[in-house]
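Subject: Structure handover

Dear colleague,

Please find the structure below, with notes on what was found in it.

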Amino acid sequence: MMMLTTLKSLFFRKNIIEMNKRYLWQWIDNTFNCLDDDRIKEIGPNLACAEWLMKNGARVRWKGCKEYVSHYDCLPNTTSIHLKQFVIEQVYAGKEASISHIGFSYFKNCKNISKVEFDKCDSINNEALIKLNILKDHLTNLKINDCVNISDQGIRSLEQLQALKYLELKNVKFLSEPGTMIDHLKTKLPECNVQYYNEL
């Protein structure tokens, strides 16, 4: 009986530790995704957005550049007189990224972002896709691949992105009726080339 009680105690303690770890990482993610209005006013929406993205493991490509920038230290000096020349055109968030819907307000006033790709990014969920509405007048190309926290609600919300010309959905695991959903998007986005792939 004592052995059983000890085992139960250890099991309970282990679960509490694991739970605390999850809460800790969630708190860190939320903190790193928090909107900083003062920073936006200080350096402008594009650089503030780039800082948020890179701080959370995503990459950006500046308008007029061919390569992505992923390292926080590669951002231009905030005292430079050429700051306004740096505008984001493309965003890539892969499996190492931890951007969440909490920080999507950084996209506001980033009017040159035309391409976004979420590739195996677990922090992207339905709420994040709904908040992409911020880019509805500018976003023309969107790719979503194997993001496990996305389901019907998030995919359906993409109908609000009326500027889209190309939408690629790949390995979206939790679509209840993929064919019906894709037909719905094609109807709502008549100017968009909607592609769906399931390689699972």
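Contact here means heavy atoms within 4.5 Å. By that cut-off, and not counting residues up to four places away in sequence, I155 touches L129, I150, L169, V172, L175, M181 and L185.

Some background first. This is a predicted model, in which local features need pLDDT of at least 70 and side-chain atom pairs count only at pLDDT 80 or more, while totals for chains, interfaces and linings use all residues. Residues are numbered from 1 along each chain as its sequence is written, and side-chain values use heavy atoms, with hydrogens and water left out.

The protein chain has 6 helices and 6 strands (DSSP runs numbered from the N terminus: helices are H or I of at least four residues, strands are E of at least two). Along the sequence they follow the pattern α-α-α-β-β-β-α-β-α-β-α-β. Of the contacts in the protein chain with a separation of 6 or more, 73% are between residues 24 or more positions apart.

The sheet: 6 strands form an open sheet in the order 1-2-3-4-5-6, with mixed pairing (two strands pair if DSSP finds at least two bridges between them). Strand 1 (59–62) and strand 6 (193–197) are the edge strands, each pairing on one side only. From one strand to the next, the twist averages 5 degrees (axes are lines fitted to C-alpha atoms, for helices over the stretch in contact, and angles run from 0 to 180 degrees between N-to-C directions). Helix 6 (residues 178–188) packs on the sheet, where it touches strand 5 (166–170) and strand 6, and its direction makes about 165 degrees with that of strand 6. Strand 2 (residues 88–93) and strand 3 (residues 115–119) pair in the parallel sense over 4 bridges; A93 has F118 as its bridge partner in strand 3.

The interior: 40% of the 200 residues in the protein chain are buried (under 20% relative accessible area, with a 1.4 Å probe and protein chains only). The largest nonpolar core has 50 residues, and L53, F118, L142, I155 and L158 have the most contacts inside it. Such a core is a set of buried Ala, Val, Leu, Ile, Met, Phe, Trp, Tyr and Cys residues joined through side-chain atoms within 4.5 Å. Helix 3 gives the largest share of this core, 7 residues. Helix 3 (residues 45–55) is largely enclosed by the rest of the structure, because 9 of its 11 residues are buried. Among them are W52 and L53. G57, with a positive phi near 85 degrees, follows helix 3.

Regards
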